[in-house]
Amino acid sequence: MLLDETTLRKLHRLTLIARRIRSGAIKGERRSSKRGSSIEFADYRDYTPGDDLRRLDWNIYARLERPFIKLLEEEEDLAVHLLLDASKSMDWPPEAENTLHKFRYALRLAAGLGAVALASGDSLTVGILQNGRVTAEFGPTRGQIALPRLFAFLENLQPDGETRLREALQAYALTPRRPGLFILISDLFETTPDHFLRLLRRQQEAVLLHVLSPDELDPPLTGDLQLLDIETGQTQDVSLDGGLRSLYRKRAAAWLESLQAECRKQGMRYLSVVTNRPWDEMLLLEMRKANVVK
Amino acid sequence: MQLLVPGGLALLLLAVPILLLYMLKLRRKPAQVSSILLWQQILRDRQANTPWQKLKRNLLLFLQLFILAALTMAFARPAVLTPAVASGAVIVLLDGSASMHATDVAPNRFEAARRAVGTLIENLPDDSRLTLILVRNTPQTLIAAENDKALLRQALASARPTPTSADWQAAFALATAAARNASEPVIVIVSDGGLPTTGLPALPGEVRYVPVGVAQDNLAISALALRGGQLFAEVSNYSSTSHTVLLSISEITAQETALRYARQLEIPPGEQRNITLENIISNGGIYQAQITSPQATTPPDALQLDDTAFAIDRETATRRVLLVSKGNLYLEQLLAALPGIRPFRALSDELPAERFDLYLFDGLYPPQLPPGALLFVNPPPNPLFAPGSPFQPAEMRLREHPLTRYVDWSNVHILQANAATLPNWAETLIEADGRPLVFAGETEGRRIAAVMFDLRQSDLPLQVAYPILFSNLIDYLVPPTAFDASQSLHPGESLTLVPPPGTQQVTVAAPSGKLHTFLSSDASLTFTATEEIGYYAINFLSNESNRVEYFAVNLFDPDESDIRPRSSLQIGQKVIPPAATERTGLRELWPWLVGLALLVLLLEWMVYHRREYSVFRKRY
């Protein structure tokens with residue numbers, strides 16, 4: 001189980017924040033930039049399990065004995081695209097049951113954000129990025145009824161292969177999509193981060209959740225080593241001493257800083273997620289602070 | 001510099017396995033990481049200062065190679081040639097005699113000699129062994145065949161000069177013994193050269209001479225004697241120039257030091273001047289003669305030990321002997337003839353109240369024994385020795401004893417003697433038919449002797465043995481003096497003390513005030529701590545009295561007073577010039593190299609652990 005009941009209940013009260021509101025395909029709970037002619041009511045749509053029962057039109061139900069959901073004119077839904085990096089580098093630390101495991105953590109984040117999106121009646125698409133492609137896709141779907149399917153979808157994923165984010169994002173963009181909120185969950189171990197950042201920005205409003213485990217920021221390594229990249233299989237000889245380690249730490253910090261600066265420049269929201277933070281705290285507290293949810 | 005074991009350099013080949021091990025060690029441990037992206041970046045950053053990094057990475061290798069190099073060099077035993085007076089089996093004869101007290105070289109000759117020996121020890125090659133002999137009246141081996149410089153230095157520091165003369169013959173014998181096992185011994189004599197020119201045995205091996213001292217000038221009081229109211233003093237000039245000194249003679253009493261005589265003497269080189277003072281009143285005083293420079297501020301010469309001398313006014317004590325007899329011409333004549341005796345005579349058994357040193361009872365035994373020594377001739381039956389019956393001695397035998405020395409008993413005939421049982425405190429001196437005829441001993445703090453026959457019943461008074469035996473007996477019963485020091489002693493000379501009967505403790509106070517105490521149990525004591533120049537006070541302490549006597553120790557040694565340093569030595573037929581330092585020794589450097597290797601090893605350990613520790617600290 002990716003998320004427990006309590007957390008899930010708490011998550012239901014949250015909504016994803018999209019700063020630049022996009023026109024929705026159907027009526028949702030969000031205010032649209034379009035000013036409609038009628039004041040309140042716009043349309044009905046069929047009830048799907050998981051929809052907010054408060055919005056059920058009980059009068060129609062009494063008359064027709066079929067449940068309909070009232071759509072109000074000024075509210076529309078949001079297309080939420082959750083893009084999850086499922087490359088091999090996310091399979092870290094190597095022990096999968098480790099609480100610091102990045103992919104496990106990323107799945108939880110995805111599940112949590114997905115739950116928020118579904119609970120808010122947003123249209124949710126989850127894309128799995130592997131080897132420069134979108135290897136699996138969930139949705140677009142709406143309503144809380146999709147939540148168990150989402151969980152099942154996420155739990156079946158295995159990290160493998162390379163990321164090649166730029167190609168993968170391009171591939172994702174090739175398919176016609178509704179514009180909306182793009183949330184990318186990745187460790188961003190990419191040679192040219194600004195490329196895909198620009199790509200991301202051009203497409204959508206984006207949130208970048210940068211997932212790293214603590215030992216990636218301060219590796220507990222020493223001696224003469226041949227480092228093996230578990231994702232690419234490349235090796236690198238390194239003789240580690242105190243000086244080199246401190247250099248690495250500085251370099252990692254500078255990397256995070258540059259990513260954050262770049263994101264700010266591109267108008268994206270960036271959140272560095274280190275897996276030693278409890279994930280529910282991250283979802284309920286840090287994301288709120290970072291204006292990802294409210 | 002040279003290598004003693006050049007083959008040791010072959011150990012440098014060990015560098016090959018070290019390098020191989022290092023290369024093996026550099027086969028890197030594989031380690032998985034999620035991405036090498038950041039690693040590649042920082043390694044790219046490091047390209048700029050690669051040479052230094054490479055060096056740093058290989059610092060341990062370099063340190064290890066350095067340690068190997070240092071140890072290999074140590075194995076090869078590099079050595080440098082050092083100037084040394086001696087190497088091999090070295091025997092140093094360090095002169096510690098009186099003349100070495102001369103202050104012509106600061107602080108004195110002995111310290112200069114000590115420095116010379118110290119230099120010799122420092123420059124001693126590592127394969128050499130050194131024996132150090134301090135030459136004085138009794139030469140002493142301070143350390144034998146040692147090459148540990150710390151021990152040698154310690155032994156050298158313990159050497160003390162004495163104001164005695166040097167017994168070079170004994171020292172040469174010691175040196176010869178020490179050189180016996182060495183193949184090429186080198187004997188180094190560090191001295192001012194006051195060696196006797198004749199009578200020295202030849203020395204084995206090579207003999208080198210390190211001269212000490214520069215001054216020529218010395219004046220000495222070469223004699224001071226007090227006899228029969230006359231004081232004789234002699235001042236010698238051992239210099240090569242004429243000198244004027246002030247000779248002063250003072251009398252030291254318990255209360256004061258009174259100047260009795262002073263005179264300025266001009267003494268030509270190599271000559272003596274003497275003075276005689278008449279009419280010295282004999283009152284047991286101590287006379288001190290001293291020479292000083294006329295300009296009283298400076299000492300007259302470089303050696304002060306012989307500038308002062310002491311003489312003790314010490315007449316041989318006259319012993320008061322009381323003869324208690326009904327008339328014996330032989331004994332009366334004998335007592336009148338023996339020197340150092342003041343005879344008195346008592347006619348009856350009634351003894352005078354006055355005290356005498358010796359009571360001689362002829363054919364009598366007093367109802368009450370007087371205090372003092374007792375000599376019985378032909379005693380009647382008495383409680384001291386059990387009475388016996390008269391007998392005719394047939395076979396007489398002289399026991400070997402100091403009291404029977406020079407006594408010829410072969411022609412003595414005795415008509416009749418009295419048998420006696422020998423008391424347990426007495427020793428038989430002459431026996432007849434197994435019975436004691438003459439015996440002596442000490443009991444209850446007094447000495448007693450007995451002659452068990454009437455002189456008139458024998459021909460003894462006509463024999464030469466008569467005065468000799470009685471003189472020996474009287475000297476034993478009442479020793480003329482506690483010790484024989486009619487002349488002053490030389491430093492280090494021993495003195496035999498015969499404490500008066502009844503003495504319980506003998507204390508000798510040296511000039512420096514040091515006290516030597518002996519509990520008197522034996523008849524005589526030998527006092528040997530006479531290494532200070534000056535006068536000594538001997539205190540004979542008994543229940544009744546406290547007798548103090550004095551004796552003086554003076555240098556009076558022309559060999560020592562003649563402090564002119566000899567430029568060369570003559571031993572037997574050989575003339576030995578001063579040693580030059582052209583001879584070289586080898587000083588090995590390997591201990592330094594091993595020390596260096598250890599230091600670098602420590603450094604290597606620290607470098608290695610600094611790396612480890614920084615990781616450790618970050619992780620926990």
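How are H3(A) and H4(A) oriented to each other, roughly parallel or roughly antiparallel? The tour of this predicted model takes up that question, then moves to the chain A–chain B interface.

**Stop 1: the helix pair in chain A**

Select residues 102–119 of chain A, which form helix H3, and residues 147–155 of chain A, which form helix H4. Two packed helices are described by the angle between their axes and the distance between the axes. Here the angle is about 160° and the axes are 10 Å apart. Angles over 145 degrees count as roughly antiparallel, so H3(A) and H4(A) are roughly antiparallel to each other. The crossing of H3(A) past H4(A) is right-handed.

Next, show the side chains at the contact. From H3(A), pick Leu107(A), Ala110(A), Ala111(A), Gly114(A), Ala115(A) and Leu118(A).

**Stop 2: the side of chain A that touches chain B**

Bring both chains into view. The contact involves 34 residues of chain A and 23 residues of chain B. On chain A, select strand S10 (223–229), strand S11 (235–240) and helix H8 (242–266), each of which supplies at least two residues of the side that touches chain B. That side of chain A comprises 15 nonpolar, nine polar and 10 charged residues.

**Stop 3: strand pairing across the chains**

To inspect one bridge pair, centre on Leu228(A), whose partner in S2(B) is Gln32(B).

Methods. Residues are numbered from 1 along each chain as its sequence is written. Chains are lettered from A and ligands numbered from 1 in the order in which they are written. This is a predicted model: local features need pLDDT of at least 70, side-chain atom pairs count only at pLDDT 80 or more; totals for chains, interfaces and linings use all residues. Two residues are in contact if their C-beta atoms, placed from the backbone, lie within 7 Å. Helices (H or I, at least four residues) and strands (E, at least two) are DSSP runs, numbered from the N terminus. Ala, Val, Leu, Ile, Met, Phe, Trp, Tyr, Cys and Pro count as nonpolar, Asp, Glu, Lys and Arg as charged, and the others, Gly among them, as polar. Two strands pair if DSSP finds at least two bridges between them. Axes are lines fitted to C-alpha atoms, for helices over the stretch in contact, and angles run from 0 to 180 degrees between N-to-C directions. Angles under 35 degrees count as roughly parallel, over 145 as roughly antiparallel, 65 to 115 as roughly perpendicular and the rest as oblique. A crossing is left-handed if the near helix is turned anticlockwise from the far one by less than a right angle, and right-handed if clockwise.
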